[in-house]
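Reader: I'm new to this. Could you walk me through strand pairing and salt bridges?

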Amino acid sequence: MQQAIIRTGGRQFRVSPGSVLRVEKLPAEAGATVNFDVLLVGQGDTVKIGKPLVAGAKVEAKVVSHGRGPKLIVYKFRKRTNYRKKQGHRQAYTEVKITSITG
């Protein structure tokens, strides 16, 4: 099975055709096709490592949906100063399905 390591949103992901993953929000509509930077691609004993990217390699994915993650509570507190600060955060994400790996 062919696998690759891609870079998006400041993180790296190990993917194979058919895998579904959540990445940082991408500026693409649902159903659109996106391409990713390929750092490594391989199948079996054949591996190509990029410096930093693999020349000619391409990973295509289809945007499945957009969404927001679970709510995280950020609470800051300092004793004896009457300082309390409560803030919530929900991280936006894009769910993509890997369609093909070439290279």
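Author: Let's take strands, then salt bridges. This is a predicted model, where local features need pLDDT of at least 70, side-chain atom pairs count only at pLDDT 80 or more, and totals for chains, interfaces and linings use all residues. Residues are numbered from 1 along each chain as its sequence is written, and side-chain values use heavy atoms, with hydrogens and water left out.

Reader: Which strand pairs with β4 over 5 bridges?

Author: A strand is a DSSP run of E with at least two residues, numbered from the N terminus, and two strands pair if DSSP finds at least two bridges between them. Here β1 (residues 3–8) pairs with β4 (residues 33–43) in the antiparallel sense, and I5 sits opposite L40. β4 also runs antiparallel to β6 (residues 58–68), with 4 bridges.

Reader: How many residues lie between β4 and β5 in their hairpin?

Author: There are 2, and G44 in that turn has a positive phi of about 65°. Across the pair, G42 faces V47 in β5.

Reader: How many salt bridges does the structure hold?

Author: A salt bridge puts a side-chain nitrogen of Lys or Arg within 4 Å of a carboxyl oxygen of Asp or Glu. The structure holds 3. One of them joins D37 and R7, at 3.5 Å from N to O. D37 is in β4 and R7 in β1, 30 residues apart.
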